[in-house]
Structure formats: C-alpha cells, structure tokens
Amino acid sequence: MPRGALVVEAQFGITATPEAVFNVLVDPAMWSTIDDALVEVVPRDRLVLGATGTMRRRAGMGLTVTTRWENTALVPATRLENLIRGFGYELRETIDLSAGASDTNVAVVDTLVPTSLVGRAMVAMSRRIIERDLHARFVKLKSVLEAGERATSDR
C-alpha cells in the first residue's frame, strides 16, 4: 500500500440482477442520476475496457473541479474498476458484484492515494467525505434500480 493511502470499503445489497446493476455502473450518462455532485461527464458512451474521459464535480462553495477517469477493469455483471486522477490524488474504485439469494451483493473498495504534498493533507481528511458520498451514491443506485424493477413487475 502506498504511503499515506486511505482505503474505504463498503457493502450494499440491491434488489436487482447483477446485470442490471452493472448496466447502470457502466453507463456514464446515468452517473449524474446516482451522484448529486457530478455536473458533467465526457464522453457519455457505455464503458469499454480502457475507456477514458473527464468529470466535472461540485466541490463546495460554488466551485467545481475537473478530474480524469480511466476504466482499468471491466468484467460484465461481475467487476468494474475505474482510476480517477485529480489535483494531488488518485482514487481507484473497485466494484465487485455477486448474486445473492434475492439481491445483488455490491462490494466497493475505494483506495485514495496522495500524489503531492497538498494531496497528503487532502487524503488525510477525506475518510468521512468518501464514506458519506459512497453511501449516498449507492442509496440512489438502489433506489433507481429497485424503482425500475417495481415498474417492470407492475406491467
């Protein structure tokens, strides 16, 4: 583990198939639906292994920041890994999906690594922010997918 790295792990259950969960996660056009801080993502095409782009996010006090992202692992309905590079840090997010008895188990590992002195301070203060944002994103993902499942089953 690189010096100063921060690792945040979380587990979620979503009442949807692994394929349905995966399809939302690999669709950048859906990312702003599950992430309130996301202003813009380019490109908005479905991810393929090695895809790259940029994201503009709200950073507080009316400011936005632009980061670069790259998909580094893509196994349909099973695993997704993106590397996000910002000023002073890199964040690697790994998402593993597995079918449970009645839902999809979602395991997320966010590894935040400082890439500068300023980044060290930012990483050191980021645990609660990452935990909060991760939880909020997956609550919204769950809501979007489970609402879709209900709408499909009501037909």
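Predicted model: local features only at pLDDT ≥ 70, side-chain atom pairs only at ≥ 80, totals over all residues.
Residues are numbered from 1 along each chain as its sequence is written, and side-chain values use heavy atoms, with hydrogens and water left out.

Reader: Which residues that line the largest pocket are the closest to its centre?
Author: A lining residue has an atom within 4 Å of a point of the pocket. The largest pocket has 39 such residues. The closest to its centre are D35, R57, Y89, L91 and D133.

Reader: Which element gives the most to the lining of the largest pocket?
Author: Helices (H or I, at least four residues) and strands (E, at least two) are DSSP runs, numbered from the N terminus. Several elements each supply at least two residues of the lining, among them α2 (28-34), β3 (52-60) and β6 (89-99). The most, eight residues, comes from α4.

Reader: How many residues of the lining are nonpolar?
Author: Ala, Val, Leu, Ile, Met, Phe, Trp, Tyr, Cys and Pro count as nonpolar, Asp, Glu, Lys and Arg as charged, and the others, Gly among them, as polar. The lining holds ten charged and six polar residues. The number of nonpolar residues is 23.

Reader: Why is β5 largely enclosed by the rest of the structure, and how many of its residues are buried?
Author: A residue is buried under 20% relative accessible area, exposed over 50%, and partly exposed in between (1.4 Å probe, protein chains only). The strand β5 is largely enclosed because the number of its eight residues that are buried is six.

Reader: Over how many bridges does β5 pair with β6?
Author: Two strands pair if DSSP finds at least two bridges between them. On one side, β5 pairs with β4 in the antiparallel sense over seven bridges, and W69 has I84 as its bridge partner. With β6, the sense is also antiparallel, and L83 stands opposite R92. The number of bridges between β5 and β6 is eight.

Reader: Which residue forms a salt bridge with D35?
Author: A salt bridge is a side-chain nitrogen of Lys or Arg within 4 Å of a carboxyl oxygen of Asp or Glu. D35 is buried, with a relative accessible area of 12%. Its closest N and O atoms to those of the partner are 2.5 Å apart, and the partner is R57.

Reader: How many residues apart in sequence are the parts that D35 and R57 tie together?
Author: D35 lies in the loop between α2 and β2 (38-42), and R57 lies in strand β3. The pair therefore ties together parts whose separation in sequence is 22 residues.

Reader: Are R137 and E93 buried or exposed?
Author: R137 and E93 form a salt bridge, with the closest N and O atoms 2.7 Å apart. R137 lies in helix α4 and E93 in strand β6, so the pair ties together parts that are 44 residues apart in sequence. Both residues are buried.

Notes
1 Å grid on protein atoms, 1.4 Å probe; cavity = no way out; pocket = protein on both sides within 12 Å on 5 of 7 lines; lining within 4 Å.
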